[in-house]
Amino acid sequence: MAKRQVNPNRMELLRLKKQLVTARRGHKLLKDKRDELMRQFLDLIRANRALRIKVEQLIAAANQDMLLARAVMDSATLETALMAGKESLTLDIDTRNIMSVNVPVFASLFEVTGELEGLPYGMASTAGELDQAILALHEAFPVMLELAEVEKSAQLLADEIEKTRRRVNSLEYILIPELISQIRSITMKMDENERGNLTRLMKVKDMIVKQAIEKARALDVAQ
Amino acid sequence: MYKVGVIGDRDSIIGFRALGMSVHDAATPAEAETLLHQLADEQFAVIFITEQLAESNLPLLRELRSRKLPAVIPIPSIAGTTGLGMFQVRESVKKAVGMDIFAQDEANQAEKE
């Protein structure tokens, strides 16, 4: 680790000490943030796994129904029947704030109406199996939407946790040790200067005393 | 108002049309990629994509992952699940926790089955 060169003076020392205090406080805060994010994330990811399993089952079931429908109807009729409806599904989006990560909340307008407002095609040319398949999908849809919401939230949280963890680590393993070593090196340098100064003073004092003694002796001899 | 999109092979996704979703069929991964780019820039809140097509477009999925919208969610196609969806969930876990804490769970589950 390359050490940054710092001037060993008192002002620098004060500045670094202040910085260390801030870094320590920031480190603690980020650590708390990471822990809380992790707790939220684990809840979300558990829900995510459960929902995904459910969605996969529901879609598999719907696909089976669709397969049946395909078997009893020719594909042209089936496709015309399905394409007849319009793209009417819209979502309202809200955001939820989890530890300052904004995650989307999807509210389906379609859910508000509750029941499927009739099938989008006529009954005459289509088989009952198709109705079954659509109903199965309709049943799967709210769960899919929930999955989308939870999965997206989990992904965003995972990104945030990764970022926070990096910050925590860089504070803990880089910035704080560096500050401590800088502070240490400044104190050492200042102590060393202090000792140097002290010895110099002692030396000077010795010299002065010596001179005074010699002067006194010279006076004695003269008398 | 946001829309819900579905990308996949025709057979897997046509049913969603009846629910009023915006269905886009893509036969090849390249087509799916173009569609994904296009839908991501429009007002789509959720894009469901079949796992087969998602698998061949993983870099793009990763890119969209950090965006708030849309949520790109892999779903099993008519051929069944490839496990990609669950794999992505576990990848999130790895990213956040630093290790796969559910690996043990899954191994236990596999043992039971």
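Residues are numbered from 1 along each chain as its sequence is written, and chains are lettered from A, with ligands numbered from 1, in the order in which they are written. In this predicted model, local features need pLDDT of at least 70 and side-chain atom pairs count only at pLDDT 80 or more, while totals for chains, interfaces and linings use all residues.

**View 1. Chain B and its elements.**
Chain B holds 6 helices and 4 strands, where helices (H or I, at least four residues) and strands (E, at least two) are DSSP runs numbered from the N terminus. Their order from the N terminus is β-α-β-α-β-α-α-β-α-α. Along the principal axes, the C-alpha atoms of chain B fill a box of roughly 40 × 30 × 25 Å. Of the 113 residues in chain B, 44% are buried; a residue is buried if 20 or more other C-beta atoms, placed from the backbone, lie within 10 Å of its own, exposed if 12 or fewer, and partly exposed in between.

**View 2. Strand β4(B) and its neighbour β3(B).**
All residues of β4(B), 5 of the 5, are buried, so the strand is largely enclosed by the rest of the structure. B:Ala71, B:Ile73 and B:Ile75 point one way from β4(B), and B:Val72 and B:Pro74 point the other way. β3(B) and β4(B) run parallel and are joined by 5 bridges; two strands pair if DSSP finds at least two bridges between them. Opposite B:Ala71 in β4(B) stands B:Val46.

**View 3. Helix α5(B) and its buried side.**
Helix α5 of chain B (residues 84-97) has 14 residues and should span 20 Å at 1.5 Å a residue, which agrees with the 20 Å between its end C-alpha atoms; the expected span is 1.5 Å times one less than the number of residues. Its buried residues are B:Gly85, B:Gln88, B:Val89, B:Ser92, B:Val93 and B:Ala96. They cover an arc of only 145° around the axis, which puts them on the same side of α5(B); the arc is that of the directions from the helix axis to the C-beta atoms. An α-helix has 3.6 residues a turn, so residues three or four places apart point the same way. Covering the buried residues of α5(B) are elements including α1 (10-72) and α4 (128-222) of chain A, and α3 (51-55) and β4 (71-75) of chain B. After α5(B) comes B:Gly98, with a positive phi near 95°.

**View 4. The contact between chains A and B.**
The contact takes 48 residues from chain A and 34 residues from chain B, two residues being in contact if their C-beta atoms, placed from the backbone, lie within 7 Å. On the chain B side, the elements that give two or more residues are β1 (2-8), α1 (10-17), β3 (44-50), β4 and α5. Of these, α5(B) gives the most, with 7 residues. Strand β1 of chain A (residues 90-98) and β1(B) run antiparallel and are joined by 2 bridges. The bridge partner of A:Thr90 in β1(B) is B:Lys3.

**View 5. A:Ala76 in chain A.**
A:Ala76 lies in helix α2 (residues 75-83) of chain A. With 8 C-beta neighbours inside 10 Å, A:Ala76 counts as exposed. The C-alpha atoms of A:Ala76 and A:Met190 are separated by 90 Å.
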